[in-house]
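I opened the model and kept notes on what I looked up. The entries follow in the order I made them.

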Amino acid sequence: RRRSARDPQNKNTMLSRPLASRLGLRRALSSAAPPSSKFVIKTFNKISPLGLARFDADRYTIAPAEAMPEIAHAILLRSHKLQEADVPLMCRAIARCGAGTNNCNVERMTAHGVPVFNTPGANANAVKELVVCALLLGSRGILEGAAHMKTLHAAGTAHERIEKDKAMFGGRELVGKTLGVVGLGAIGAAVTEAAVALGMKVVGYDPSLSVEAALRLPSSTSHHAFRVTKDLKEVCARADYLTLHAPYLKDVTHHMIGPDELAVAKDDMVLLNFARGELVDAEALAARYDDLAARGVSKIGKYVCDFALPDSLWQRPNVISIPHLGASTAEAEENAASMAADTVMQFLETGTVHNSVNFPTTTLPRRDDASTRICVVNDNKPGMLGEIMSIFGNAGINVLQQINASRGDVAYNVIDVANPSKTDDFSSFNFKSWDALQEALTSIEGVKSTRFILDKAGVGYAIRHDGQVYGIGVKKPAGKATFAD
């Protein structure tokens, strides 16, 4: 009795009888959907309890992955490497408590129509403070001196040598030096502000600088200590210190600091990398240090990072590798978890997309009248919006407002439709049921998923996978199935 997926325009499959009762749209669809009373949020890794506490306990259940929850409407994670087997078919969203999403299987999630969110700026202050620390580690022989003092203490000569040996660990001050900042997002902007406060000059580089990010930066016209350039090599040539805060994008930022950039850098340039290890060509950097040493250069700049390094680098005395500590503060973890929770709640409850790495930013104001919101994810190709809207027209449903946005291969629609009222002529609705309407939408070639946002949590979601529609009514339950299945 269900509507044919092969014939989305055939009204005969939708017209068996007029709507039998005068239920509003929300109640009609909620009663037909699989039973659920709360959104289930599946978590990987240890997520800050203060962040998780933002989820309303009346509408959300937190389910750690170890508990093997049967369903999950969204996933929160930190460092866990997400597999398709981790993602139930009914999962609407993935949120990373952090900026990088390399572990979130973004390409496959995009193919399945699942938005992946991150939390840019949540750890900005924590990383900024670590970068300031690294500037000092790169300028002064702090670690070397501390290690030397342990040796002296063990030998019982610390008191007599502490003043005599300090000349072994001389350094330079930061004031008046030039810091090159590659990547001027939330972290890059915070580092820039701190460096200027320390009396440094800053040259910034970011070919994809957004308006929002630009507003966080000092004005280059009113502040002589800061300016932006479009030439990465110029930044490398001018910098006494170079700090990297760019995302890792394959074929874009991979080895962005390579032989050409290192060739123009100062011999004593200090390189800081607290973004992604792959941004630096490690072998090119090792070759640079070998060349400088072979030429007898006495002051070779340091490399300070929080990544594991190859043998060609980590053994060198001018290389400092620490654990990945950038966001490892209680405050940063709380901020990231809180931002992720807020983003997921906003998406589940209103369809709003913000801080997504694979979906377009999309906001549609909520209406106060009797309406229901429908969200459709589809391939970004010509004709899709027309096909989607024709389903509503053929069903006799009034569209009150809608927004369509796209990003890459994905298009996202948020549509508000009018609820039936007691004064409506129900024989004018040319569809058999709300389930039939959703199946008609989801069955369109190129549609990835549809979602009816209802008063009842955890219902109203359907996906189209390999030509089959899942999640509508009780005849096609998704259950424990994942995309790997």
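Entry 1, cavities. I counted two cavities of 30 Å³ or more in this predicted structure. A cavity is a set of points on a 1 Å grid over the protein atoms alone where a 1.4 Å probe fits but cannot get out. Rolling a probe the size of a water molecule over the atoms shows where empty space is left. I noted about 60 Å³ for the largest cavity; grid points are joined across faces, edges and corners, and a volume is the space filled by probe spheres set on the points.

The model is predicted, so local features need pLDDT of at least 70 and side-chain atom pairs count only at pLDDT 80 or more, while totals for chains, interfaces and linings use all residues. Residues are numbered from 1 along each chain as its sequence is written, and side-chain values use heavy atoms, with hydrogens and water left out.

Entry 2, the lining. Lining residues have an atom within 4 Å of a point. For the largest cavity I listed Arg92, Gly113, Pro115, Phe347, Cys375, Val376, Val377, Tyr412, Ser449, Arg451 and Tyr461. By class I got seven nonpolar, two polar and two charged residues (Ala, Val, Leu, Ile, Met, Phe, Trp, Tyr, Cys and Pro count as nonpolar, Asp, Glu, Lys and Arg as charged, and the others, Gly among them, as polar). Which strand gives the most to this lining? I found that β13 does, with three residues. Strands (E, at least two residues) and helices (H or I, at least four) are DSSP runs, numbered from the N terminus.

I looked up residues 410-418 and found eight of the nine buried, so β15 is largely enclosed by the rest of the structure. Buried means under 20% relative accessible area, with a 1.4 Å probe and protein chains only. Two strands pair if DSSP finds at least two bridges between them. β15 pairs with β13 in the antiparallel sense over nine bridges, and Ala411 is the partner of Asn378. β14 (residues 399-407) also runs antiparallel to β15, with eight bridges; there Tyr412 is the partner of Ala405. I saw that β14 and β15 form a hairpin with two residues between them, and that Gly408 in the turn has a positive phi of about 60 degrees.

I placed His245 in the loop between β9 (241-244) and α10 (259-263). His245 is buried, at 12% relative accessible area.

Methods. Buried means under 20% relative accessible area, exposed over 50%, partly exposed in between (1.4 Å probe, protein chains only). On a 1 Å grid over the protein atoms alone, a cavity is a set of points where a 1.4 Å probe fits but cannot get out, and a pocket is an open set with protein on both sides within 12 Å along at least five of seven lines; lining residues have an atom within 4 Å of a point.
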